[in-house]
Amino acid sequence: MKWSKYNIFFNSTKYSCYLLYNMLSGFFIEVDEILANKIFNIKNDSQAIKELSDEEVKIFTENKILVESDDVELNKLKVAILANRFDSRNMHLTIAPTQSCNFKCKYCFEKDRPNKYMNKSIETSIVNFVKKKNINKLNVCWYGGEPLLAKGTIRSLTKELKHIVYKYNASIVTNGYLLDEDFIMELDELNIKYIQITLDGNKDTHNYRRPHETDNNSFDNIVKNIQSLIRLKPRIQLSIRVNVDKQNINEFADVYKLIKAISSNIHIYPGFVHDTSTSCNLSPCLLNRNEKNNFYKKLYSQHGIYIKEMIPQLTQSSCMARQLNSFLIDPNGNLYKCWHHLGVSDKIVGNICSEQIFYNYDLIAQYLLKRSIADYTECNQCKYFIVCGGGCPDLKFIEKNNESYCSIFKNNITSYLEMKYAYLMKKQQTNDRI
C-alpha cells in the first residue's frame, strides 16, 4: 500500500489544524498531530504504514487514502468513464422544439437564428430514430430557444416516446416566464423531474440583460412562477443558474438569498459566462480563473454562502459531446454534439430525417476521443483531472494551449478545503445548539 497522489494533506495555519482530503473518494477529515506525524512518515516511506493502527489502515484503505497503485485507480476511473461514454443501451437527447424565444438577451448566441418550430414530420423522425436504437432508457432535455413556446410539441412527443422505451425521464432548461400553474400540473405526466431556470442578477439587472419581448419586468413573473412551482411540486429538482460576469458579479448573493427564502432545497449556482459566439465580444466582461476563485472566496467570507460547486467532486460522467448516444436535435432535425452549436451549420453531424442519419463522423470522433481521457496525456498526468474530467471539450478546440478550461481547484485547492472546513464546523455548532 502507498500514499495516493490524489490526497490533499496540509497544515491550515488559518484554522491551526491539519486537513486531509481525497479526491477519489471525497473523504475529508481534520487530523490531529499524532496522526499527522504518521502521515508525514508514510509520505516519505511507505513502510511507515505499520505505524498506523488497524482501524486507521481500514479507514484509509476504504477511502483510497492508501492505494496499491495510483495508475490502477486511474485505470478504474477510465473504464467507468469509457463504459458510460460508449453505453449503447441508454440515450440522452436534448431536443429544441423551437429556436424562437420570448426574450431578447443581449449576449444570446442564438439571437440571429431563425424562429423555427418543429413540425410533426420531425417528431415522427425522432420517434423512429429512438425505435431503431433499441434502448432501455431515454433521457430527454427540452431546450431552445425557449422550449415552453412549444408546449404542444413537448406534450405530443413525450406521449410517443414514453410508449417505446422501458424507462423515460425528462428535464427542461427554460427562462421560466411561461412556467405557469397549468404547465406545472402537467410535469408528472410529462415525466419532467428536473428544471433549470436562468436569472441574470437582481431585478433591474435581469430585466436589462434579459429583456422580454413585451414585459419590462419579467423578473417578478419568473419569481412568482418559481414560488408556484415549489408550492405545487415541492419535490421537484430545481436549479437556478445565475449568469455571472464582471458586470453583475456582486448580485449573485442577493439572488441566492432571495431564492433560498422560497425554498432551501433549490440549488442555486453561478454560470460563469463565456463567449462561444463569433457575433459578439464578451471578453471585457468575462472572469478569468483567479477572478472566479476570488468570487467563491468572497461568497463565503462576506455572505456565508457555501455551495457544492466550491468542493471538487469525482467526475465519472461526460457531457453530450463525449457520449456516443447523446445528441442535440434542432427544429429542422439537425443533429449536434454540443449545446453551444445549435444553429451553427458547420457543427451539424447529421439529420434525423436523412436516409444516412450521420454524415460528419470526423467531428463526432473528435469529441468522443480527441483531447480526452482516451488520449490527452497532459490531462492524464494532472492530479486534478479526476475532478474536472478534462474540461469542456468544445472550449479545448477553441482555446488550444489555454488553461482557461482547467479546474478552478488547480493550484488553489487548499483555500477551498478551508472553506469547507469552516462551513462544516459552523454547521456542527448550529446543530449542537439545536
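Which hand does the crossing of helix 4 and helix 5 have, right or left? Right-handed. Keep in mind that this is a predicted model.

Let me stay with that pair. Helix 4 covers residues 120–133, and helix 5 covers residues 151–162. Their axes lie 10 Å apart, and the packing angle is about 25°. Angles under 35 degrees count as roughly parallel, so helix 4 is roughly parallel to helix 5. Now the contacts. Helix 4 brings K120, E123, I126, V127 and V130. Helix 5 answers with T153, S156, L157, E160 and L161.

Next, helix 9 and helix 10. Helix 9 is residues 252–260, and helix 10 is residues 289–303. The axes come within 11 Å of each other and cross at roughly 55°. These two helices are therefore oblique to each other. The crossing is right-handed here too. From helix 9, the contact uses F252, A253 and K257. From helix 10, it uses F295, L299 and H303.

Two of those names come back now. F252 and F295 belong to one aromatic cluster, together with Y256, F272, Y296, F409 and Y416. The structure as a whole holds 21 aromatic pairs. Take Y296 with Y416. The ring centres are 6.1 Å apart and the planes stand at 70°, so this pair is edge-to-face. Where do Y296 and Y416 sit? Y296 is in helix 10, and Y416 is in helix 15, residues 413–433. The pair therefore ties together parts that are 120 residues apart in sequence.

Are Y296 and Y416 buried or exposed? Both are buried. For Y416, the relative accessible area is 0%. F409 has 7% relative accessibility, so F409 counts as buried as well.

K337 lies over the face of F327. The distance to the ring centre is 4.5 Å.

Now the backbone. Most residues other than glycine have a negative phi, and most peptide bonds are trans.

Start with the peptide bond from G144 to G145. It is cis, with omega near 20°. G145 sits in the loop between strand 7, residues 137–142, and helix 5. That is the helix 5 that packs with helix 4.

Then N134. Its phi is positive, about 50°, and it is not a glycine. Which loop holds N134? The one between helix 4 and strand 7. N134 has a relative accessible area of 53%, so it is exposed.

Last, S16. Phi is near 55°, again positive in a residue other than glycine. S16 is in the loop between strand 2, residues 7–12, and strand 3, residues 17–22. S16 is exposed, at 65% relative accessible area.

Look at helix 4 against helix 5, with their right-handed crossing. Thanks.

Note on methods:
Residues numbered from 1 in each chain as written. Predicted model: local features only at pLDDT ≥ 70, side-chain atom pairs only at ≥ 80, totals over all residues. Heavy atoms only, no water. Phe/Tyr/Trp six-rings, centres within 6.5 Å; stacked < 30°, edge-to-face > 60°. Helix = DSSP H or I, 4+ residues; strand = E, 2+ residues; numbered from the N terminus. Buried < 20%, exposed > 50% of the residue type's maximum accessible area, 1.4 Å probe, protein only. Lys NZ or Arg CZ within 6 Å of the ring centre and 35° of its normal. Axes fitted to C-alpha atoms, helices over the stretch in contact; angles between N-to-C directions. Parallel < 35°, antiparallel > 145°, perpendicular 65-115°, else oblique. Left-handed = near helix turned anticlockwise from the far one by under 90°. Contact = heavy atoms within 4.5 Å.
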